[in-house]
There are 2 protein chains.
Amino acid sequence: MTPLFARVAIIGIGLIGSSLARAIRTQGLAGTIACADANPDHAARAQALGVVDEAHTDPAAAARGADLVVLCMPIGAYAEVTQAIAPVLAPGAIVSDVGSVKQAAIAAIRPHLPEGVHLVPGHPIAGTEKSGPDAGFADLFPGRWFILTPLEDSDDTATRKVADLWRRCGMTVERMSPDHHDRVLAVTSHLPHLIAYTIVGTATNLEEQMRQEVVKYSASGFRDFTRIAASDPTMWRDVFLNNREAVLDSLQRFTEDLTALQRAIRWGEGDYLYQLFERTRDIRRGVVEARQA
Amino acid sequence: MTPLFARVAIIGIGLIGSSLARAIRTQGLAGTIACADANPDHAARAQALGVVDEAHTDPAAAARGADLVVLCMPIGAYAEVTQAIAPVLAPGAIVSDVGSVKQAAIAAIRPHLPEGVHLVPGHPIAGTEKSGPDAGFADLFPGRWFILTPLEDSDDTATRKVADLWRRCGMTVERMSPDHHDRVLAVTSHLPHLIAYTIVGTATNLEEQMRQEVVKYSASGFRDFTRIAASDPTMWRDVFLNNREAVLDSLQRFTEDLTALQRAIRWGEGDYLYQLFERTRDIRRGVVEARQA
């Protein structure tokens, strides 16, 4: 079978990038897999692991001759990298990405692309709290969703090829507008991370003895938040800065609900608490039924 | 080997109670295991599962003749149950519990105990989001901490026996004052649950389509909160109502930190975000090193 792409360039060979490289290799989806990473250690490590055919620190070296370039680094670097690779992109080449924010991603990439190069942004809903090329694994994707956010003028063939790529990595592909994506992800992903970072941060501000005990007895609930709050700092800084309005809006709703709950505890309103906790249990059932548990 | 206790009565045969029954059975720690549960279905189910020798709905029927009674139901029922079992408790019997709040537990139990009956409160730091007699398993305890919060006048032999029981269930036993326990658990357990309940509640308030999408794409972070927010509603209502001051204090610290983070996002202060996210990553390392991950 002919591979889907002759040469795929993965820019940023961290958790997602190296997982994608592994899945492409396993599924035989590309003739050549090239990668670039601004961190020379990561590039060298990807080469040593054998998950790519070529590893560079210069993104243009990886993107030269590629029919697909996938941006897998933090959003804050999108504009600079796109400017760097633009001169080597041939007409008909596809540029895609995996970023957790889509409107800002498009705004950072689009102005720098040469005529005839297709932009097809996307977002695989998969990940762990780990980072770096060693953290990746091909089985990260199967059974999870991939959200494709094509532009109104995105090329149909290019869109279909990107969808095919992720489908053959095991994901189920859905389409969404970039704006809607950013509002859904603000609630389902960005707000939870923000809250987890905050609560773990609150614990770091405790006096030393108390902090040690919080870690020691973390199995009682805190532990789960520390996992989420161990996610890549640069990536998440860029997510919050680049989806500011939607994040602040969902945070505002959360704060109102938290204040109501605080008041119910202060005034001993047991029925209010019980009813809320019953409702949240139902949502868990939904998650389990949707096989996302 | 002689069992540690002739007759253990477990009042409340849910996740913790039925796990304890299974561990006691597996380790041969009691001659007879009796249980009582206000829910007749749970009592019948415990009997059918064979995790107890006797199952009752009347706590006094289970406690009669017991040398150890362990309260494993929500704290709100402690006073009533203690009053119900007090007439059948023989001098020398030990009453213990597994509640997540210790000062309120002691205040609810102590006034109703007959002279010569020993109170040894405790708290196994172990659990899952599941409830009911089917949810229990003997392996819930090994490798986890048990916090013993004896009173100043607690009987040494009784305290040692309760510590032995949990140690032989596989737990590591630590001592703490009830007051200190409640402050540590407010941060490590009660606050995380409160936050998880709130964020999942915020999602339930969304318009229907958005709510479905939040569930669908929950693998991006939200999922972990739904697990915690599926915990038993009655138990958690009682925890918040009975550790009010410590919970409100930790919530206040959290809210301050959240407001600072919100401000940093609004003003685009990337360095602030990055530094916080680096710090929280260190805490995760601590949790992993403490083997509580």
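Visitor: What should I know before I start?

Guide: This is a predicted model, where local features need pLDDT of at least 70, side-chain atom pairs count only at pLDDT 80 or more, and totals for chains, interfaces and linings use all residues. Residues are numbered from 1 along each chain as its sequence is written, chains are lettered from A and ligands numbered from 1 in the order in which they are written, and side-chain values use heavy atoms, with hydrogens and water left out.

Visitor: How much area is buried between chain A and chain B?

Guide: Interface size is often given as the accessible area lost when the parts come together. Buried area is that loss, taken with a 1.4 Å probe and summed over both parts. Here it is about 8600 Å², and carbon and sulfur atoms give 69% of it. On chain A's side, Tyr217(A), Ile265(A) and Phe277(A) supply 8% of the area that chain A buries against chain B, more than any other three residues.

Visitor: How many residues of each chain are in contact?

Guide: Contact means heavy atoms within 4.5 Å. By that rule, 92 residues of chain A touch 92 residues of chain B.

Visitor: How many salt bridges are there between chain A and chain B?

Guide: A salt bridge puts a side-chain nitrogen of Lys or Arg within 4 Å of a carboxyl oxygen of Asp or Glu. The count between the two chains is 6. One of the salt bridges joins the side chains of Asp224(B) and Arg227(A), at 2.6 Å from N to O.

Visitor: Which element gives the most to the side of chain A that touches chain B?

Guide: Elements are DSSP runs numbered from the N terminus: helices are H or I with at least four residues, strands E with at least two. α7(A) gives the most, with 20 residues. By class, this side of chain A has 46 nonpolar, 25 polar and 21 charged residues. Ala, Val, Leu, Ile, Met, Phe, Trp, Tyr, Cys and Pro count as nonpolar, Asp, Glu, Lys and Arg as charged, and the others, Gly among them, as polar.

Visitor: At what angle do α11 and α12 of chain A pack?

Guide: Axes are lines fitted to C-alpha atoms, for helices over the stretch in contact, and angles run from 0 to 180 degrees between N-to-C directions. α11(A) (residues 244-266) and α12(A) (residues 270-289) pack at about 135°, with axes 8 Å apart. Under 35 degrees is roughly parallel, over 145 roughly antiparallel, 65 to 115 roughly perpendicular and the rest oblique. α11(A) and α12(A) are therefore oblique to each other.

Visitor: Which residues meet there?

Guide: Ala260(A), Leu261(A), Ala264(A) and Ile265(A) of α11(A) meet Tyr272(A), Leu273(A) and Leu276(A) of α12(A).

Methods. Buried area = accessible area lost by both parts, 1.4 Å probe.
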